[in-house]
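Please keep the sequence and the model at hand while reading.

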Amino acid sequence: EIDLALAGGVKLQLVPEIDLALNKAGMLAPDGQCKTFDAEADGYVRGEGCALIVLKRLDDALRDGDSIRAVMRQTTVRQDGQRAGLTVPDGMAQGKLIRRNLVKAGVKPAEIDYVEAHGTGTRLGDPIEYGALVDVFGGDPERRAPLWLGSVKTNIGHLEAGAGIAGLLKVILAVEHAAL
């Protein structure tokens with residue numbers, strides 16, 4: 001839609017009152033460890049960071065001789081659908097979004113090897129997200145390899161407004177280094 005875009009996110013913890021309120025509400029992992037998709041998941045961990053990427057059409061980047069780190073076949077803007085509360089994702093809306101983007105990108109579910117999940121390490125949200133992924137990718141007769149799942153939050157915590165860009169950078173680095 002445009003020639004050049006900057007996309008990024010920033011998360012700084014500037015006031016302790018937010019951490020105190022989240023801890024009092026039982027939302028934070030007591031041991032400070034994010035346990036995404038783990039039976040021991042007991043809350044999320046807040047992290048800090050910032051990142052920024054430059055987005056260009058592939059043809060323009062090739063023409064300009066830019067260093068290309070990754071190619072995105074499909075993007076979308078979304079929200080969590082109708083939900084029961086702030087911390088409760090809508091699994092049906094997540095599954096619908098994933099399916100729609102796979103179709104738009106011309107990719108079959110069996111062609112996906114890895115999903116960088118939101119995966120906050122909570123007892124409520126992670127099972128809902130996992131269920132949506134199973135609904136989309138599970139039971140596909142064309143799948144020949146396992147679907148790997150991960151979340152950068154187990155490494156750096158939840159960057160909240162910076163979480164999406166952190167996950168994207170993790171995937172780019174994983175592809176570049178051929179390692180998860």
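## Salt bridges and their exposure

Asp64 has a relative accessible area of 37% and is therefore partly exposed; buried is under 20%, exposed over 50% and partly exposed in between, with a 1.4 Å probe and protein chains only. The model is predicted: local features need pLDDT of at least 70, side-chain atom pairs count only at pLDDT 80 or more, and totals for chains, interfaces and linings use all residues. Residues are numbered from 1 along each chain as its sequence is written, and side-chain values use heavy atoms, with hydrogens and water left out.

Asp64 forms a salt bridge with Arg63, and the closest N and O atoms are 2.9 Å apart. A salt bridge here is a side-chain nitrogen of Lys or Arg within 4 Å of a carboxyl oxygen of Asp or Glu. Side chains of opposite charge can pair when their charged atoms come close. The whole structure holds 15 salt bridges. Three of them are set out below.

| Salt bridge | N to O distance | Relative accessibility |
|---|---|---|
| Arg57 and Asp60 | 2.9 Å | Arg57 36%, Asp60 13% |
| Arg63 and Asp64 | 2.9 Å | Arg63 60%, Asp64 37% |
| Lys108 and Glu142 | 3.7 Å | Lys108 47%, Glu142 45% |

In the pair of Lys108 and Glu142, both side chains take part in the salt bridge. This pair links distant parts of the chain, 34 residues apart: Lys108 is in the loop between H3 and strand E3 (114-116), and Glu142 is in the loop between helix H4 (125-137) and strand E4 (148-150). Helices (H or I, at least four residues) and strands (E, at least two) are DSSP runs, numbered from the N terminus. Lys108 counts as partly exposed at 47%, and Glu142 counts as partly exposed at 45%. Elsewhere, salt bridges that share partners join Asp3, Lys56, Arg57, Asp60, Arg63, Asp64 and Asp66 into one network. Of these, Asp60 is buried at 13% relative accessibility, while Arg63 is exposed at 60%.

Lys35 lies in the loop between helix H1 (16-24) and strand E2 (49-55). Lys35 is at 15% relative accessibility and so counts as buried. Its side chain makes polar contacts of 2.9 Å with the side chain of Asp31 and of 2.9 Å with the side chain of Asp42. A polar contact is a pair of N or O atoms within 3.5 Å; within protein, one must be able to donate a hydrogen and the other to accept it, and residues adjacent in sequence count only if both atoms are side-chain atoms. Leaving aside neighbours within four places in sequence, Lys35 is in contact (heavy atoms within 4.5 Å) with residues including Glu40, Gly121 and Asp126.

Asp90 sits in the loop between helix H2 (58-64) and helix H3 (91-105). Asp90 is also buried, at 17% relative accessibility, and its side chain reaches the backbone nitrogen of Met92 at 3.0 Å.

Gly125 belongs to helix H4 and is buried at 9% relative accessibility. Gly125 and Val88 are 37 residues apart in sequence, with 5.9 Å between their C-alpha atoms.

## An exposed loop residue

Leu12 is placed in the loop between strand E1 (5-11) and H1. With a relative accessible area of 51%, Leu12 is exposed.
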